[in-house]
Amino acid sequence: AARGALGAVEGRSAAFAAPLDEALVRARLALLDGRREPTVRVELAPYGDTPRGGRLWIGTYRTSLTPTFWRGVAKGLRADLELVKLRGSNAHHIVEATFKAFARAFRAALDDGLDSLPPLVAPPPRVAARSRATKETKIEVELEIGEDDLLDALRARRRREQP
C-alpha cells in the first residue's frame, strides 16, 4: 500500500549517514521496479556496549525485532535497504540514528525526481516556525527554505568563511 501511494519511483536511490551523539548509522536505499525481491542488510548489533554483548531491550522495545521491522519496511516499499552501524555505544542512539538515516535517505530518493513532476504537483516549500514567549520577551522565527534559498545561503556561508 505504501509503494502504491508513491507513484513511479523505480530506479531512484539514495544514501545518508545519520549521527546521533556517539552513534553513526548509514542507510542506503534503492527503490525497485517490483521484478525481484528486495535485499535487506541490517548490521546494527550489538546494541550498545553494556551489558556485554549489547542490550536486548530498550525500555519495552526488543532490539532483536529491529531487523524484522526493517525487512517488512523494505518489502512494503519494494526497496533494497542497507542499514549499517558505523559506530555507537548507546542502544537507544543506535536505533534512533537508524530511523533518522532511513528517513533522510528515503526523502532524498523521493526528492530526486521532483524536477520531472509537472509544476502543479510540485510540493510546497519547506517551512519551519517557532514561537517562544515569557512575560518580558516574545520571539518569533519563521524560516522558508526553497532550493534557491538554500543554495544562496550556502554560497554566502562559503564567502564568509574564505579569507
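Predicted model: local features only at pLDDT ≥ 70, side-chain atom pairs only at ≥ 80, totals over all residues.
Reader: Thanks, noted. And what percentage of the residues are buried?

Author: Buried residues account for 29% of the 163 in the protein.

Reader: How many helices and strands are there?

Author: There are four helices and eight strands. Starting at the N terminus, the order of elements is α-β-β-β-β-β-α-β-α-β-β-α.

Reader: Let's go inside. How many residues are in the largest nonpolar core, and which have the most contacts there?

Author: That core has 17 residues. L29, W70, L77, L81, L83, F102 and F106 are the ones with the most contacts inside it. As background, nonpolar side chains in soluble globular proteins tend to be buried together.

Reader: Nice. Which elements give two or more residues to the largest core?

Author: For the core around L29 and W70, they are β1 (13–20), β2 (23–31), α2 (66–77), β6 (79–87) and α3 (91–111). The largest share, five residues, comes from α3.

Reader: What about a second core, which residues does that include?

Author: There is a separate one of ten residues, and L20, A23, L44 and V95 are among them.

Reader: L20 and A23 sit close in number. What is the bridge partner of L20 in β2?

Author: It's A23. β1 and β2 form a hairpin with two residues between them, and the two strands pair in the antiparallel sense over eight bridges.

Reader: Which residue in that turn has a positive phi?

Author: D21 does, at about 50 degrees.

Reader: Changing topic: what are the strand partners of β6, and in which sense do they run?

Author: β2 is one of them, antiparallel to β6 over eight bridges, with L31 standing opposite A79. β3 is another, running parallel to β6 with four bridges joining the two. In that pairing, V40 stands opposite L81.

Reader: And is β6 enclosed or open? How many of its residues are buried?

Author: Seven of its nine residues are buried, so β6 is largely enclosed by the rest of the structure.

Reader: OK, charges now. How many salt bridges does the structure hold?

Author: Five. A network of salt bridges links R26, R28, R41, E43 and E82.

Reader: Which residues does E82 contact, leaving aside neighbours within four places in sequence?

Author: E82 is in contact with R26, A27, R28 and R41. The E82 side chain also makes polar contacts with side chains: one with R26 at 3.2 Å, and one with R41 at 2.8 Å.

Reader: Let's take the salt bridges of E82 one at a time. How far apart are the closest N and O atoms in the one with R28?

Author: They are 3.4 Å apart. This pair links distant parts of the chain, with E82 in strand β6 and R28 in strand β2, 54 residues apart. R28 counts as partly exposed, at 41% relative accessibility.

Reader: And the salt bridge with R41? What does that pair tie together?

Author: The closest N and O atoms of R41 and E82 are 2.8 Å apart. R41 lies in strand β3 (residues 40–43) and E82 in strand β6, so this pair ties together parts that are 41 residues apart in sequence.

Conventions. Residues numbered from 1 in each chain as written. Heavy atoms only, no water. Core = buried A, V, L, I, M, F, W, Y, C linked by side-chain atoms within 4.5 Å. Buried < 20%, exposed > 50% of the residue type's maximum accessible area, 1.4 Å probe, protein only. Pairing = 2+ DSSP bridges. Salt bridge = Lys/Arg side-chain N within 4 Å of Asp/Glu carboxyl O. Polar contact = N/O pair within 3.5 Å; in protein donor to acceptor, adjacent residues only side chain to side chain. Contact = heavy atoms within 4.5 Å.
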